[in-house]
Amino acid sequence: MRLILIRHGETQSNVDRLLDTAHPGAPLTANGVQQAHDLVEAIAHEKIDALFVSTLLRAQQTAAPLAAERGLPATVIEGIHEIPAGVEEMSADWRAYVGMLNSWSPENMDAKLDQGESAREFLERFDAAIATIEAEGHRCVAVVSHGAALRVWALSQDPAVAAHGVGELHNTESIVLNGSSAQGWKVERWGPHCLAEQSISA
């Protein structure tokens, strides 16, 4: 399966650099709405069979123009929402949150912020959501989700990508993977970075 993981459009929390991870989350700004419309053209070349979105408002608003253009339902699915910031929610100081995410590894799966989520908990629910999507049998699927969630999950599936210096994912940029949960996933593209030589057959 081809999996296009799209970060939502801009919100005021993004502009103000606030850790906005809880439900329902901030809506898109006017710029974010424009980004959502621009996304339609940016991925016009992709033959998308299905579209899934997180339970947070900004992801659903981002998907709306694409859903309308393709004539596809934007299906809300549990499990692909943002990694919660816990006690750091709405903080402008990202050090504790980013530090925790960067500390996660196969040897450190259970560390988490107070009222937050561990790597094990996050990966279990994101993996389960992707497995549910795969079970529908589509060849190419777009998923509108969130920056930290997409980065952490994609790197967990294809750790070799880290050597390419990828990391940041701007609003409405995407990570494209090919493969399956059973056989493994390889990243083809990360935002503007093309890693096509790593792709495998879906």
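Which residues lie nearest the centre of the largest pocket, and how many residues line this pocket? In the predicted model examined here, the lining of the largest pocket is made up of 37 residues, and those nearest the centre are L101, G147, A148, R151 and V152. Four elements each contribute two or more residues to this lining, namely α1 (12-15), α4 (95-103), α5 (119-134) and α6 (147-157). Of the elements, α6 provides the most, with 6 residues. The volume of the largest pocket is about 960 Å³. When the lining of this pocket is sorted by class, 18 residues are nonpolar, 11 are polar and 8 are charged.

The second largest pocket was characterised in the same terms. Its volume amounts to about 210 Å³. The second largest pocket is lined by 16 residues, among which A42, I43, H45, S174 and R189 are the closest to its centre. Both helices and strands take part in this lining: two or more residues come from each of β1 (2-7), α2 (30-42), β5 (174-180) and β6 (184-190). The largest share belongs to α2, which supplies 4 residues to the lining of the second largest pocket. As to class, the lining of the second largest pocket comprises 5 nonpolar, 5 polar and 6 charged residues.

Terms used. Residues are numbered from 1 along each chain as its sequence is written. This is a predicted model: local features need pLDDT of at least 70, side-chain atom pairs count only at pLDDT 80 or more; totals for chains, interfaces and linings use all residues. Side-chain values use heavy atoms; hydrogens and water are left out. On a 1 Å grid over the protein atoms alone, a cavity is a set of points where a 1.4 Å probe fits but cannot get out, and a pocket is an open set with protein on both sides within 12 Å along at least five of seven lines; lining residues have an atom within 4 Å of a point. Grid points are joined across faces, edges and corners, and a volume is the space filled by probe spheres set on the points. Ala, Val, Leu, Ile, Met, Phe, Trp, Tyr, Cys and Pro count as nonpolar, Asp, Glu, Lys and Arg as charged, and the others, Gly among them, as polar.
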